[in-house]
Amino acid sequence: ESDPYLRIKAIHDYVTNRVEYDLDVLTTGYRPKQDAQTVFKTHQAVCEGYAKLFQALAKAMGEEVVYVRGRVREEFAPVDLIPFHLRAGTSKHDWTLHAWNAVKIDGSWQLVDTTWDDNKQNKYSADYLMLPPQAMIVSHFPHLSAWQLLAQPKNRKDFENSPILEPQFFAQGLTLITP
């Protein structure tokens, strides 16, 4: 594929269609290896594995891609899926931790979250494929502020207190005037 955007879309689609979120990690507390080779073989991962497989495939195709670590808003953490005894036993664990990718296309960095676009119930999603930075920051807060890709990076407090908007809000060209 000569179009760089379509190459990245193909990698995104490959990962989201062939990897399944490993819910056993949340329910048992056991976390298998999340490296790209293991995820490629097992077809199961948590966000780290999705992002590492995406990164490995993109690099194999000659793309410039990074693995981004950060967190999601507390409202989006999968706490309801985690048995109480695990939540209580690991009370210091931060359930908001998350990982995704940034990829450089035609000299511009783009954000991709294959975990959140996972092909759930055979429904295709590309909501988090090259989502504009001002839309991604609604739900994703990278540890390194440079990966917000915003001219004016947000701090953690502003991130947690900003209104929750779906990617479709931005896709329709809407702009929030006031909270």
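The lining of the second largest pocket in this predicted model divides by class into eight nonpolar, three polar and one charged residues, where Ala, Val, Leu, Ile, Met, Phe, Trp, Tyr, Cys and Pro count as nonpolar, Asp, Glu, Lys and Arg as charged, and the others, Gly among them, as polar. The residues that line this second largest pocket are Gln134, Ile137, Val138, Leu150, Lys154, Ser162, Pro163, Leu165, Phe170, Leu174, Thr175 and Leu176. Pockets and cavities were located on a 1 Å grid over the protein atoms alone, a cavity being a set of points where a 1.4 Å probe fits but cannot get out, and a pocket being an open set with protein on both sides within 12 Å along at least five of seven lines; a lining residue has an atom within 4 Å of a point. The second largest pocket holds about 160 Å³ of space, a volume being the space filled by probe spheres set on the points, with grid points joined across faces, edges and corners. Residues are numbered from 1 along each chain as its sequence is written, and side-chain values use heavy atoms, with hydrogens and water left out. Because the model is predicted, local features need pLDDT of at least 70 and side-chain atom pairs count only at pLDDT 80 or more, whereas totals for chains, interfaces and linings use all residues.

The structure holds one cavity of 30 Å³ or more, and the volume of the largest cavity is about 30 Å³. Its lining consists of Trp100, Leu111, Pro133, Met136, Ile137, His140, Pro142, Trp147 and Gln148, of which seven are nonpolar, two polar and none charged. At least two residues of this lining are supplied by each of α6 (133-136) and β7 (140-142); helices (H or I, at least four residues) and strands (E, at least two) are DSSP runs, numbered from the N terminus.

The strands were considered next. Strand β4 (residues 97-105) is largely enclosed by the rest of the structure, because seven of its nine residues are buried, where buried means under 20% relative accessible area, exposed over 50%, and partly exposed in between (1.4 Å probe, protein chains only). Strand β4 pairs with strand β3 (residues 64-72) in the antiparallel sense over eight bridges, two strands being paired if DSSP finds at least two bridges between them. Within this pairing, Val65 has Val103 of β4 as its bridge partner, and Arg71 has Leu97 of β4. Arg71 also stands opposite Phe141 in β7, and β3 and β7 pair in the antiparallel sense over three bridges. Two residues lie between β4 and β5, which form a hairpin, and Asp106 in the turn has a positive phi of about 50°.

Helix α4 (residues 47-60) has 14 residues, which should span 20 Å at 1.5 Å a residue, and its end C-alpha atoms are 20 Å apart, which agrees; the expected span of a helix is 1.5 Å times one less than its number of residues. The buried residues of α4 are Cys47, Glu48, Gly49, Tyr50, Ala51, Leu53, Phe54, Gln55 and Ala58. Ala56, also placed in helix α4, is partly exposed, with a relative accessible area of 32%, and its C-alpha atom is separated by 9.8 Å from that of Tyr67, 11 residues apart along the chain. Helix α4 is followed by Gly62, whose phi is positive, near 85°.

The largest nonpolar core has 17 residues, and those with the most contacts inside it are Ile8, Val19, Phe54 and Val112; a nonpolar core is a set of buried Ala, Val, Leu, Ile, Met, Phe, Trp, Tyr and Cys residues joined through side-chain atoms within 4.5 Å. Two or more residues of this core come from each of α1 (4-18), α3 (36-42), α4, β4 and β6 (129-131), and the largest share, four residues, comes from α4.

Positive phi values were also found in residues other than glycine. His43, in the loop between α3 and β2 (44-45), has a positive phi of about 65° although it is not a glycine, and His43 is partly exposed, with a relative accessible area of 35%. Met130, placed in strand β6, has a positive phi near 60°, and Met130 counts as buried at 17% relative accessibility.
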